[in-house]
Amino acid sequence: MKPVLRIDGISVAYEAERATRAVRDVSLTVHRGEVLGLAGESGCGKSTLAYAMTRLLRPPGRITGGSVTHYAPDGATTDVLGLGGEELRRFRWERISMVFQGAMNALNPLLTVERQLTDTLHAHDAGGGRKERHARAAELLDLVGIDRKRMRAYPHELSGGMRQRVVIAMALALNPDVVVMDEPTTALDVLVQREILGEIDRLRELFGFAVVFITHDLSLLLEISDRIGIMYAGRLVELAPADELRAAPRHPYTVGLMSSFPSLRGERRSLRGIPGSPPDLSLPESGCAFAPRCPWAAQPCARGVPPLVSGAACVLHDPAIRPLGPPAELLAGTFPVPSVEGAR
Amino acid sequence: MTTLDVTGLVKEFNVGNAVRRDVLRAVDDVSFGLPPGRTVALVGASGSGKSTVARILARLETATSGTVTLDGAPAARRGAGLRAYRRQVQMVFQDPFSSLNPRHTVGYHLARPLRIHGHTRRGPEEEKAVHALLRRVSLTPVERVAAARPHELSGGQRQRVAIARALAPRPSVLLADEPVSMLDVSIRLEILHLIDRLKREDDLAVLYITHDLATARHFASEILVMNKGSIVERGPADDVILRPAHPYTRALADAAPDPLRPRTRTR
């Protein structure tokens with residue numbers, strides 16, 4: 001599969017008296033046309049990573065290292081972090097577009113839907129004259145299943161699901177190669193969420209753009225993604241095809257996440273989630289960040305940050321440390337936790 | 001023990017304008033009971049009217065018609081009667097980021113209901129009661145949490161404060177309106193287990209409002225499914241989820257993310 005975006009060792013910090021290192025040395029390749037899911041708890045750095053790769057990060061956020069490379073369909077490469085000024089303006093939205101968290105509020109309440117769509121086209125000199133832009137806006141609404149009669153509607157006249165569709169139409173306006181979606185369906189109820197997910201998948205098949213889908217809901221990602229990356233405390237701790245992750249999660253944190261949602265029709269099991277809370281990212285890092293919450297934590301965990309090798313950043317999978325392989329419980333996917341709930 | 005009963009509840013909102021008057025029936029003839037020591041789940045999509053029901057039960061909204069009774073006595077609308085009702089019926093809101101006052105400490109949030117409902121007076125006794133509440137929702141160390149302001153706490157911790165605040169008047173009924181939908185998946189279960197434990201300890205009647213059928217099944221004994229203001233299906237939790245009779249319940253169940261569902265996509 002051809003890569004469309006390669007992220008290499010990227011780190012992001014929010015500058016302050018004590019800088020918060022929100023993203024730490026993350027490497028990731030997005031392939032053309034795939035759905036890459038990114039999951040993790042609030043504050044794990046998944047949104048920051050999205051902002052970094054789309055060059056939308058604002059001060060005090062700063063990319064402190066690494067590189068992002070974009071591969072055009074013709075093979076031409078662009079150093080995304082090296083772009084500036086006019087080049088950057090053209091690159092964003094045309095190559096990578098973004099659907100924001102709380103997209104229901106991402107629309108300008110004072111402008112009609114049509115105006116917001118044609119603004120995008122105008123700013124990027126796409127779609128020719130006024131008439132053509134109008135026609136293209138209508139076409140985009142058709143694409144996401146909104147009656148073109150609603151072109152003149154203001155955002156408040158549309159339901160949450162419809163607004164979300166408009167935002168998706170805007171993201172697709174310039175035929176980007178990658179669409180980054182940050183919690184695009186979190187604010188919607190299950191029925192509307194299902195519709196929007198179907199819509200995204202249909203459009204992706206039609207246009208072949210890649211989707212980076214960010215959410216804290218792993219159960220949702222397992223269903224829609226080709227590959228899934230799990231983030232914890234600013235690092236990518238597991239990266240695997242969705243089927244493999246579902247069948248055999250490798251990192252203890254992933255196992256914990258997997259036992260955080262009860263199954264709808266399955267057997268009633270006592271599930272507990274993951275006790276404890278993620279570390280403060282402004283404090284220095286020593287060893288594996290998940291160790292304080294990990295039921296299998298042992299001495300080697302404190303010895304340094306485990307690298308992401310063969311799918312999981314965890315020493316339990318390192319044959320040099322555990323010659324007999326990882327603990328049986330981990331392999332079985334059960335996350336043992338004490339029966340009293342901790343405070344979070 | 002206290003039981004909250006709702007009979008023939010109707011709520012209409014005036015929509016429309018000066019020229020054309022229109023009425024939206026948000027809740028249409030809803031009846032159910034909340035027995036002590038049990039959790040009843042009210043599930044439905046956005047706009048189904050489930051939050052309106054909770055708001056009427058919390059007396060934040062006045063019903064157009066229908067009755068709400070607590071142990072057979074009609075719920076008061078104002079004055080001392082309303083205060084007595086609210087001592088019994090407390091609510092936990094969806095968004096712990098907006099339901100706590102950012103200017104006040106956690107201790108203040110808990111001391112006020114204690115004082116208002118006459119359980120404590122200012123002083124060391126009050127501090128002890130606040131600490132006891134924090135301990136009940138597992139927020140420790142209590143001294144530090146009591147002195148903290150909401151922004152210093154995580155979403156899950158804030159929701160624990162909101163739950164402790166609801167417990168302060170020593171209620172017999174707890175209305176939980178989407179108590180975990182704003183929280184991370186990994187901590188949702190702990191909050192639900194907390195509510196479940198408090199229910200058992202205090203013999204609380206709990207109304208759990210959610211659009212998540214899976215947690216409704218696991219934490220409630222009875223499920224009511226609401227659509228367009230009416231209850232379209234009700235029954236023991238397992239029956240409603242495993243053998244749904246109404247097409248709307250089936251639609252809700254099919255829409256829920258299911259990691260075990262094979263992907264329909266081909267590639």
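These legends describe close-up views of a predicted model with chains A and B.

**View 1. The contact between chain A and chain B.** Chain B contributes 39 residues to the contact, and chain A contributes 34 residues. On the side of chain B that touches chain A, at least two residues come from each of α6 (155–167), α7 (185–202), α8 (213–219), α9 (237–242) and α10 (247–255) of chain B. The most is given by α7(B), with eight residues. By residue type, this side of chain B holds 18 nonpolar, twelve polar and nine charged residues.

**View 2. Helix α6 of chain B, residues 155–167.** Of the 13 residues in α6(B), 13 are buried, and the helix is mostly covered. The end C-alpha atoms of α6(B) are 19 Å apart.

**View 3. The open sheet of chain A.** Four strands lie in the order β2-β1-β4-β5, and their pairing is antiparallel. At the edges are β2 (20–31) and β5 (77–79) of chain A, each of which pairs on one side only. From one strand to the next, the twist averages 5°.

**View 4. The pairing of β1 and β2 in chain A.** Strand β1(A), residues 3–14, runs antiparallel to β2(A), and the two pair over eight bridges. A:Thr20 in β2(A) stands opposite A:Tyr14. Strand β2(A) is one of the edge strands of the sheet.

How values were computed: Residues are numbered from 1 along each chain as its sequence is written. Chains are lettered from A and ligands numbered from 1 in the order in which they are written. This is a predicted model: local features need pLDDT of at least 70, side-chain atom pairs count only at pLDDT 80 or more; totals for chains, interfaces and linings use all residues. Two residues are in contact if their C-beta atoms, placed from the backbone, lie within 7 Å. Ala, Val, Leu, Ile, Met, Phe, Trp, Tyr, Cys and Pro count as nonpolar, Asp, Glu, Lys and Arg as charged, and the others, Gly among them, as polar. The expected span of a helix is 1.5 Å times one less than its number of residues. A residue is buried if 20 or more other C-beta atoms lie within 10 Å of its own, exposed if 12 or fewer, and partly exposed in between; C-beta atoms are placed from the backbone. Two strands pair if DSSP finds at least two bridges between them. Axes are lines fitted to C-alpha atoms, for helices over the stretch in contact, and angles run from 0 to 180 degrees between N-to-C directions.
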